[in-house]
Amino acid sequence: MKFEYEGFLNVLKPPGMTSHDVVGYLRRLLSMKKIGHTGTLDPNASGVLPVCLGRATRLSSYASDQNKGYRAEMTLGWSTDTQDAWGSVLQKHPADWVQKQVSKERVLSVMKDMTGPQLQTPPMISAVKVGGRKLYEWAREGKEITRESRQVVIHSLQLVDMYADKSGYPCILFDVECSKGTYIRSLCAEMGERLNTGGHMSYLLRTFSGPFFLRDSLSLEEIARSAAKEELQSMLKDLDFVLQNRFTWFLDSDQSKDFQLGKSICLDAQSTCFDEILRVYGPDHDFIGLGQLSEGCLYPRKVFLKE
């Protein structure tokens, strides 16, 4: 029986590959099918792409639900139909006119106003599904689909630098921490509108996704070398790595056996974690699944049998 990897892999996605391309590459490299990513990163973007291997795929939603961080560049003065540098130009102003409209104070003011809860409409080239198809599939056919706005949270927006590109258009380099589902391209377009100059995203690097950080990410070349040396498993994060922000509950031997059989566990102790999803551990402090506390009982929600 061939070896199956299990855990989370912090991949440094290169620009020019889709998130699906990365998954396909890893499936071929590791000769296993049970692999998935935890949230699409734009093809032209680079940075942190957490990938689930083996049973970790059952926890992908818990990884994707967490906050994300980016370093982005916004070029002012022209807007595109894709809200990034790779789309068709919709409107373009002269560079010298744009320079006169923009100041550091105005940029900081707009960033301050856009920090906090925001309504955002998914762009047409996103992977959000409408009518059973992804928006970018509709866009490829030249169709514009009505989309519902949804609330996202911009936790912080920090100006890093301001400079001009080779054509003289002002560029804004900034760091952002945001909730799941935030589109940085849409954030750039909105900031450009508020500055009355138009704008688009011209660079994007994901610096973290939940507990996965850029400094710990592995390039595809590093992953391939580690796999060839049979050292890759030691570089994977454990199943409970993405659950660090959840409370824990420990069971004794008998309770642990019942939990893994899908039985609810009646508890004597009172808990403030009512209706919370908890990470559950057995007597040897081994992760055995996710449970939910309700009315004095712990109910199994995802069970991971010891192998």
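View 1. At 69% relative accessibility, E295 counts as exposed, where exposed means over 50% relative accessible area, buried under 20% and partly exposed in between, with a 1.4 Å probe and protein chains only. The model is predicted, so local features need pLDDT of at least 70 and side-chain atom pairs count only at pLDDT 80 or more, while totals for chains, interfaces and linings use all residues. Residues are numbered from 1 along each chain as its sequence is written, and side-chain values use heavy atoms, with hydrogens and water left out. E295 lies in the loop between β17 (287-294) and β18 (297-303); helices (H or I, at least four residues) and strands (E, at least two) are DSSP runs, numbered from the N terminus. The phi of E295 is near 50°, a positive value in a residue other than glycine. N196, in the loop between α6 and β12, likewise has a positive phi, near 65°, and is exposed with a relative accessible area of 58%. As background, most residues other than glycine have a negative phi.

View 2. Helix α6 (residues 184-194) is largely enclosed by the rest of the structure, because 8 of its 11 residues are buried. The buried residues are I184, R185, S186, L187, C188, A189, M191 and G192, and they pack against β4 (68-76), α4 (104-113), β7 (116-120), β10 (150-164), β11 (170-178) and β12 (199-209). E193, also placed in helix α6, is by contrast exposed, with a relative accessible area of 54%. The C-alpha atoms of E193 and L76 are separated by 9.4 Å, although these residues are 117 residues apart along the chain.

**View 3. The largest nonpolar core, seen around Ile184.** The largest nonpolar core has 47 residues, and those with the most contacts inside it are L9, F174 and I184; such a core is a set of buried Ala, Val, Leu, Ile, Met, Phe, Trp, Tyr and Cys residues joined through side-chain atoms within 4.5 Å. Leaving aside neighbours within four places in sequence, I184 is in contact (heavy atoms within 4.5 Å) with Y70, A72, F174, V176, C178, M201 and L204. Another core lies apart from the largest one and has 17 residues, among them V48, L239, F287 and F304.

**View 4. The packing of helix α1 on helix α7.** Helix α1 (residues 19-30) and helix α7 (residues 220-228) pack at an angle of about 15°, with their axes 11 Å apart; axes are lines fitted to C-alpha atoms, for helices over the stretch in contact, and angles run from 0 to 180 degrees between N-to-C directions. The angle therefore makes α1 roughly parallel to α7, a term for angles under 35 degrees, with over 145 called roughly antiparallel, 65 to 115 roughly perpendicular and the rest oblique. From α1, V22, Y25, L26, L29 and L30 make the contact, and from α7, L220, I223, A224 and A227. By class, this contact of α1 with α7 has 9 nonpolar, no polar and no charged residues, where Ala, Val, Leu, Ile, Met, Phe, Trp, Tyr, Cys and Pro count as nonpolar, Asp, Glu, Lys and Arg as charged, and the others, Gly among them, as polar.

**View 5. Tyr5 in the segment before β1.** Y5 is placed in the segment before β1 (7-13) and counts as buried at 11% relative accessibility.

View 6. S46, in strand β3 (residues 46-53), is buried with a relative accessible area of 14%, and beyond its neighbours within four places in sequence it is in contact with K13, P14, P15, L41, L204, L205 and R206. G69 lies in strand β4 and counts as buried at 0% relative accessibility. Residues up to four places away in sequence aside, G69 touches V176, E177, L205, R206, T207 and F208. G69 and H155 are 86 residues apart in sequence and 9.7 Å apart in space, C-alpha to C-alpha.
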